Amino acid sequence: MTDYFALLGEARQPWLEPEELKEKYFARARRAPADAELNEAFRVLSDPKLRLRHLLALEGVEANAGREIPPALAELFWNTGTLLREIDRWLLRAAETSSALARALLSGERAKLKAKLDGLDVQLNTAHEEALGRLRQPNGIVGLIELHDTFSYLGRLREQTREKRLRLDA
């Protein structure tokens, strides 16, 4: 396994300064044509979840083992699932609606769902920013695994909410 940290001249740590990483990547790419391995190193080290997965793999730790939701995300995970199911039910009703009056009545519900989704986006983004902040702190292997899991769950939840927002806007 290639050590992407070494390839880009970075210390093996969970937090990397994005601008410094970008500068090192471009400096290396200017010296020699960028290759697939260099591009992959930059892609992996630029993404907190992938960086943690790579760091853990270098330490011999399996990051994909089935673990429970990080406790700090449990309530947010539950609330997200509840709202996404509520949106799915609304989407089904909207798809089955044929009259203009019924569609008009559903538009008020759509606005409420969008507002709830906006609030959820704020919570998800706040949780993501808090996790980024924790990358700067000493964590140990157990802490790094939990952070990896946090980024994994947050990434999925954020993607699911974006998809539901697109479907509500359609």
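This is a predicted model: local features need pLDDT of at least 70, side-chain atom pairs count only at pLDDT 80 or more; totals for chains, interfaces and linings use all residues.
## Helix pairs

| Helix pair | Angle between axes | Axis distance |
|---|---|---|
| Helix 5 (residues 74-96) and helix 7 (residues 140-169) | about 20 degrees | 11 Å |
| Helix 5 and helix 6 (residues 100-134) | roughly 155 degrees | within 11 Å |
| Helix 2 and helix 3 | roughly 180 degrees | within 11 Å |

Start with helix 5 and helix 7. Their axes make an angle of about 20 degrees. Angles under 35 degrees count as roughly parallel, so helix 5 is roughly parallel to helix 7. The crossing of this pair is left-handed. On the helix 5 side, the contact uses Leu76, Phe77, Thr80, Leu84, Ile87, Asp88, Trp90 and Leu91. On the helix 7 side, the partners are Tyr153, Leu154, Leu157, Gln160, Thr161, Lys164, Arg167 and Leu168. By class, the contact of helix 5 with helix 7 holds 10 nonpolar, 3 polar and 3 charged residues.

Now take helix 5 and helix 6. Here the axes cross at roughly 155 degrees. An angle over 145 degrees counts as roughly antiparallel, so helix 5 is roughly antiparallel to helix 6. This crossing is left-handed. Helix 5 brings Leu76, Thr80, Leu83, Glu86, Ile87, Trp90, Arg93 and Ala94 to the contact. Helix 6 answers with Leu106, Glu109, Arg110, Leu113, Lys116, Leu117, Leu120, Gln123, Leu124 and Ala127. The residues of this contact of helix 5 with helix 6 divide into 11 nonpolar, 2 polar and 5 charged.

The crossing angle is roughly 180 degrees. That makes helix 2 roughly antiparallel to helix 3. Leu21, Lys22, Tyr25, Arg28 and Ala29 of helix 2 meet Leu38, Asn39, Phe42, Leu45 and Ser46 of helix 3. The contact of helix 2 with helix 3 has 6 nonpolar, 2 polar and 2 charged residues.

## Helix 4

How many of the residues of helix 4 are buried? The count is 8 of the 11, so helix 4 is largely enclosed by the rest of the structure. The buried ones are Pro48, Leu50, Arg51, Leu52, His54, Leu55, Leu56 and Leu58. These buried residues pack against helix 1, helix 3, helix 6 and helix 7.

Aspartate 47 caps the N-terminal end of helix 4. One of its side-chain oxygens lies 2.9 Å from the backbone nitrogen of lysine 49. After helix 4 comes glycine 60, with a positive phi near 80 degrees.

## Single residues

Glutamate 10 lies in the loop between helix 1 (4-7) and helix 2 (18-31). Is glutamate 10 buried or exposed? Its relative accessible area is 13%. The cut-off for buried is under 20%, so glutamate 10 is buried. Its side chain makes a polar contact of 3.5 Å with the side chain of lysine 24. Beyond its neighbours within four places in sequence, glutamate 10 is in contact with Phe5, Leu16, Glu20, Leu21 and Lys24.

Threonine 150 sits in helix 7. Threonine 150 is buried, at a relative accessible area of 4%. Threonine 150 and alanine 131 are 19 residues apart in sequence, and their C-alpha atoms are 7.3 Å apart in space. Leaving out residues up to four places away, threonine 150 touches Pro70, Leu73, Ala131 and Arg134.

Arginine 165 is also in helix 7. A polar contact of 2.5 Å joins its side chain to that of aspartate 121. Not counting residues up to four places away, arginine 165 touches Lys114, Leu117, Asp118 and Asp121.

Lysine 114 is partly exposed, with 26% relative accessibility. With residues up to four places away set aside, lysine 114 touches Arg165, Leu168 and Asp169. Lysine 114 and leucine 168 are 54 residues apart in sequence, yet 7.7 Å apart from C-alpha to C-alpha.

Definitions and conventions:
Residues are numbered from 1 along each chain as its sequence is written. Side-chain values use heavy atoms; hydrogens and water are left out. Axes are lines fitted to C-alpha atoms, for helices over the stretch in contact, and angles run from 0 to 180 degrees between N-to-C directions. Helices (H or I, at least four residues) and strands (E, at least two) are DSSP runs, numbered from the N terminus. Angles under 35 degrees count as roughly parallel, over 145 as roughly antiparallel, 65 to 115 as roughly perpendicular and the rest as oblique. A crossing is left-handed if the near helix is turned anticlockwise from the far one by less than a right angle, and right-handed if clockwise. Contact means heavy atoms within 4.5 Å. Ala, Val, Leu, Ile, Met, Phe, Trp, Tyr, Cys and Pro count as nonpolar, Asp, Glu, Lys and Arg as charged, and the others, Gly among them, as polar. Buried means under 20% relative accessible area, exposed over 50%, partly exposed in between (1.4 Å probe, protein chains only). A polar contact is a pair of N or O atoms within 3.5 Å; within protein, one must be able to donate a hydrogen and the other to accept it, and residues adjacent in sequence count only if both atoms are side-chain atoms.
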